[in-house]
Amino acid sequence: HLGGNHIESRWCIGAAGSAEGPSAPPPSAPPQSGGCGGGCIAGILGGCFVFFSAALFFALWMSGAFAKYSCPSPLTGKAGTAAPASATGSQNPPEGVQLSK
């Protein structure tokens, strides 16, 4: 007993009821090749290409870029029918209606 510090070793009772000493460190795992290899990088780049291509085609379709190829945007008026005046931005009143000043 020196200076009031007392260190004692304790033994643990295992599941089988036997006394065991301090546990040994686990066996070291085999070194793993770290990082992302060529296949991983190609997969990421391919996925980005597919995603951004789909987003680009969707934006072009919504803007009406494919209307001349018989694929009109659902946001614009139907072909052959007049779009409502509010959709075309027209400031002219319907025929026969006069605006008061």
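Ser70 is exposed, with a relative accessible area of 71%. Exposed means over 50% relative accessible area, buried means under 20%, and partly exposed lies in between (1.4 Å probe, protein chains only). This is a predicted model, so local features need pLDDT of at least 70 and side-chain atom pairs count only at pLDDT 80 or more, while totals for chains, interfaces and linings use all residues. Residues are numbered from 1 along each chain as its sequence is written, and side-chain values use heavy atoms, with hydrogens and water left out.

**Overall layout**

- The protein has two helices and two strands. Both kinds of element are DSSP runs, numbered from the N terminus: helices are H or I with at least four residues, and strands are E with at least two.
- Along the sequence, the pattern reads β-β-α-α.
- Of the 101 residues in the protein, 4% are buried.
- The accessible surface of the protein is about 9400 Å². Carbon and sulfur atoms account for 64% of that surface. Such areas come from the Shrake-Rupley method with a 1.4 Å probe; for residues, only the protein chains shown count as cover.

- Helix H1 covers residues 38-63. H1 has 26 residues and spans 37 Å from its first C-alpha to its last.
- That span is close to the 38 Å expected at 1.5 Å a residue. The expected span of a helix is 1.5 Å times one less than its number of residues.
- Gly64 follows H1, and its phi is positive, near 90 degrees.
- Ser70 sits in the loop between H1 and helix H2 (85-88). The phi of Ser70 is near 65 degrees, a positive value in a residue other than glycine.

**Cysteines**

- A disulfide is a covalent bond between the sulfur atoms of two cysteines. Here the term is applied to a pair of cysteine sulfur atoms within 2.5 Å.
- By this rule there is one disulfide. Cys36 and Cys40 form a disulfide, with their sulfur atoms 1.9 Å apart.
- The link of Cys36 and Cys40 is left-handed, with -115 degrees about the S-S bond.
- Cys36 counts as partly exposed because its relative accessibility is 36%. Cys40 is also partly exposed, at 37%.
- Cys48 is partly exposed, with a relative accessible area of 36%, and Cys71 is partly exposed at 35%.

**Aromatic pairs**

- By the ring rule, the count is three aromatic pairs. Rings of Phe, Tyr and Trp (its six-membered ring) pair if their centres lie within 6.5 Å; planes under 30 degrees apart count as stacked, over 60 as edge-to-face and the rest as tilted.
- Among them are Phe51 and Phe52, whose ring centres are 5.2 Å apart with planes at 75 degrees, so the pair is edge-to-face. Phe51 is exposed at 53% relative accessible area, and Phe52 is exposed at 55%.
- Phe58 and Trp61 also pair: their ring centres are 6.1 Å apart and their planes are at 70 degrees, so the pair is edge-to-face.
- Both Phe58 and Trp61 lie in helix H1, three residues apart, about one turn of the helix. Phe58 is partly exposed, with a relative accessible area of 48%. Trp61 is partly exposed, at 29%.

**A nonpolar surface patch**

- Leu56, Phe57 and Leu60 form a nonpolar patch on the surface. Together they have about 280 Å² of accessible area.
- Patches are made of residues with over 30% relative accessible area and no salt bridge; like charges are joined within 9 Å, and nonpolar side chains (Val, Leu, Ile, Met, Phe, Trp, Tyr) within 5 Å. A salt bridge is a side-chain nitrogen of Lys or Arg within 4 Å of a carboxyl oxygen of Asp or Glu.
- Leu60 lies in helix H1. Leu60 counts as partly exposed because its relative accessibility is 31%.
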